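Dear colleague,

Please find below the structure that I am handing over to you, together with its sequence. My notes on it come after the display.

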Amino acid sequence: MFKRYKGNPILSPKNWPYKISGVFNPGVALYKNKTILLARVEDLKGFSCFCIANSTDGFTGWEIISNPELTYNCNNQEEMWGIEDPRIVYIKEMGKFAISYVSFSRGGPVVSLMLTSDFNSFERQGVLLPPEDKDASLFPRRFNGLYALIHRPIVRGEAHIWISFSPDLKYWGDNKILIPTRPGWWDCHHVGLGTQPIETDEGWLIIYHGARMTASGAVYRVGLALLDLEEPWKLIKRSDEWVFGPEEQYELVGISDAVVFPTGAIYKKQEDRLIIYYGSADYSICIAEAKMSDLIDYLMKC
Ligand code: BMA
């Protein structure tokens, strides 16, 4: 169902203005007629910060902008070892974009939040959830007055996707496992949210990654799920099979081999197009595209 963009990879260390280890796992948003990627850039120390890359058509002509507000702060224990893997949603009631991301703290990876209204200045909101937690995104609206967050804690070595709720984006509760790992399956080792949740007429489309250990390390592939529109703690459908996996050379070989890791999506509803931005092999950024109607039809048969 997903077709790769012929110009992949769209961004890699080779076309970066300075020496880096990798540029991957970007959040994405539309702002002022431009596609904005918030790319994870890993420096030569091994720590990540975010850089903005923007483009008029979302495929070519990327302009790279470094912003000192998007780098990590070694003196802040929340993010002393970098910031990673942002997911972006626009929260209409606030008039702001919410960026949930992983901060690498002394105690392990935590889920943090920052807000922006212009992708120029950013308001750090601090840690939402304690370690070990990753792969988080808010939903763009509230449910019964509560904000909802998808995230992936690791407890006793088990890595399932959870959903939690908050009245104020600060205190979180009503925690529930939403999408568990499936022993023996392609997504047996751990699962985590991929792109931000996408609202469709049939429900919230969840694009998630599933990892399975093999003799040569973990293989990261992509599966789909559908959540109830008004009660997103209810899982309506889940794909049995993975729908997108490492096949091209730039996905099979890199810093972490055999990894496709979607973190951002643009849904062009009128055109029935879903465009996903993903990290390939923890080294570069790529694009793939599907018809939303194909994904929903497929899920309905699962
Ligand atoms: C996950 C995250 C991602 C990374 C992926 C594949 O656990 O840390 O940032 O892309 O592993 O290595």
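The notes below begin with the basis of the model, then turn to the ligand site, the backbone and several individual residues.

This is a predicted model, in which local features need pLDDT of at least 70 and side-chain atom pairs count only at pLDDT 80 or more, while totals for chains, interfaces and linings use all residues. Residues are numbered from 1 along each chain as its sequence is written, and side-chain values use heavy atoms, with hydrogens and water left out.

The ligand site

Which residues are around the ligand? They are N25, R40, D85, K134, Y220, S256, V259, F261 and D282; a residue is taken as near a molecule if one of its heavy atoms lies within 4 Å of it. By class, this shell holds four charged, three nonpolar and two polar residues. In that scheme Asp, Glu, Lys and Arg are charged, Ala, Val, Leu, Ile, Met, Phe, Trp, Tyr, Cys and Pro are nonpolar, and the others, Gly among them, are polar.

For R40, an N or O atom of the side chain is 2.8 Å from a ligand oxygen. For N25 the distance from a polar side-chain atom to a ligand oxygen is 2.9 Å, and for Y220 it is 3.2 Å. The ligand on its own exposes 310 Å², of which the protein buries 84%. A polar contact here is a pair of N or O atoms within 3.5 Å; within protein, one must be able to donate a hydrogen and the other to accept it, and residues adjacent in sequence count only if both atoms are side-chain atoms. Accessible areas come from the Shrake-Rupley method with a 1.4 Å probe, and for residues only the protein chains shown count as cover.

The ligand takes up the space of the second largest pocket. A pocket is an open set of points on a 1 Å grid over the protein atoms alone, with protein on both sides within 12 Å along at least five of seven lines. A molecule sits in a pocket if more than half of its atoms lie within 2 Å of the grid points of that pocket.

Backbone features

Helices (H or I, at least four residues) and strands (E, at least two) are DSSP runs, numbered from the N terminus. Residues are called buried under 20% relative accessible area, exposed over 50%, and partly exposed in between (1.4 Å probe, protein chains only).

Where are the cis peptide bonds that join N8 to P9 and P131 to E132? Between P131 and E132, omega is about -5°; E132 belongs to the loop between β9 (123-129) and β10 (133-138).

K32 is not a glycine, yet its phi is positive, at about 50°. K32 is located in the loop between β2 and β3 (34-42) and is exposed, because its relative accessible area is 65%. A281, also a residue other than glycine, has a positive phi near 55°. The loop between β21 (273-280) and β22 (284-291) contains A281, which counts as buried because its relative accessibility is 0%.

Individual residues

T116 is part of strand β8 and counts as buried, at 0% relative accessibility. A polar atom of the T116 side chain lies 2.7 Å from the backbone oxygen of S121. G108 is in strand β8 (residues 108-116) as well, and its relative accessible area of 13% makes it buried.

L295 sits in helix α2 (residues 292-301) and is buried, with a relative accessible area of 0%. P262 and P26 are 236 residues apart in sequence, and their C-alpha atoms are 8.0 Å apart.

Is K92 buried or exposed? K92 counts as exposed because its relative accessibility is 70%. It is found in the loop between β6 (83-91) and β7 (96-105), and its C-alpha atom is 7.2 Å from that of P140, 48 residues away in sequence.

With kind regards

Methods:
On a 1 Å grid over the protein atoms alone, a cavity is a set of points where a 1.4 Å probe fits but cannot get out, and a pocket is an open set with protein on both sides within 12 Å along at least five of seven lines; lining residues have an atom within 4 Å of a point.
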